[in-house]
Amino acid sequence: MSDIITGTKAKEIDRYAIDVLNIPSLTLMENASTKVADFCYSQYKLNNKIIVLSGVGNNGADGICIAQLLLQNNSNIDIEVIINGNLEKASWEFLYQLSKLKEIGGKISYYKGENLPDGNILVDALFGIGLLKPLRPDALELVAKADEKNYQNVIAVDVPSGINSDTGDIMGAAIHANTTITFGRNKTGLVNKDGPVYSGTIIVEDIGIPDELYEI
């Protein structure tokens, strides 16, 4: 059994599960998001501000879904989602999750170069396994600001933003996580080069992809 795979391999397996096995992408996304939300509830007092950094791909959709789950469980939680990226290029899953968050009155803003708000928890859902090239300037600025902010508790969704999920290289800047919750299998980018420094404690969660796919 392959215990560690590249981010590229993970994307291929996700796509096979969705396209060939007909596992709905939203089911996988909601399974992953539930794991992160449950971790937040079990590990932290959610009585201070939570910041969710979200890209516009499916890692960002995970972040939006996590925010929904936290709010649905406790509408008094102070949580703000900060989105970075071109909405015209957003995945349909991201747009679906965003519409659901808006329906329940979630606080949403769009990054325009401002300073990040204070908080005691940061959920990093900017890029995940999809980042294999240097960060574009706006994302580089946001990632650097988030890391310099030195939030007390940082949870990375799948891979800390700025880390190449295949190699462990820093793609210009990266966010130090206390905990990285990755899905299906550990990733080579979390255990090589700069990955271990930025990943913190790595937790691997099952989200419903059959084990045999990791042997294809």
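1. V157 has I181 of strand 7 as its bridge partner, and I181 in turn is bridged to I203 in strand 9. Strands here are DSSP E runs of at least two residues and helices are H or I runs of at least four, numbered from the N terminus. Strand 6 and strand 7 run parallel over 3 bridges, while 5 bridges join strand 7 to strand 9, also parallel. Two strands count as paired if DSSP finds at least two bridges between them.

2. A quick word on the model: it is predicted, so local features need pLDDT of at least 70, side-chain atom pairs count only at pLDDT 80 or more, and totals for chains, interfaces and linings use all residues. Residues are numbered from 1 along each chain as its sequence is written, and side-chain values use heavy atoms, leaving out hydrogens and water.

3. Stepping back to the sheet, there are 7 strands in an open arrangement, ordered 4-3-2-5-6-7-9 with parallel pairing. Strand 4 (107-110) and strand 9 (201-205) are at the edges with a single partner strand each, so one side of each has no neighbour in the sheet. From one strand to the next, the twist averages 20 degrees.

4. How many residues of strand 7 are buried? The count is 5 of 5, where buried means under 20% relative accessible area, exposed over 50%, and partly exposed in between (1.4 Å probe, protein chains only). T179, I181 and F183 point one way, T180 and T182 the other.

5. Helix 2 lies across strand 6, strand 7 (179-183) and strand 9, at about 155 degrees to strand 7. The angle, on a scale from 0 to 180 degrees, is between N-to-C directions of axes fitted to C-alpha atoms, for helices over the stretch in contact.

6. Now look at S165, in the loop between strand 6 and strand 7. S165 is buried, because its relative accessible area is 0%. Setting aside residues up to four places away in sequence, its contacts include T6, I129, L132, V159 and K187; contact means heavy atoms within 4.5 Å. S165 and F183 are 18 residues apart in sequence and 12 Å apart in space, C-alpha to C-alpha.

7. L21 is a contrast worth checking. L21 is in the loop between helix 1 (7-19) and helix 2 (25-43) and counts as partly exposed because its relative accessibility is 38%.
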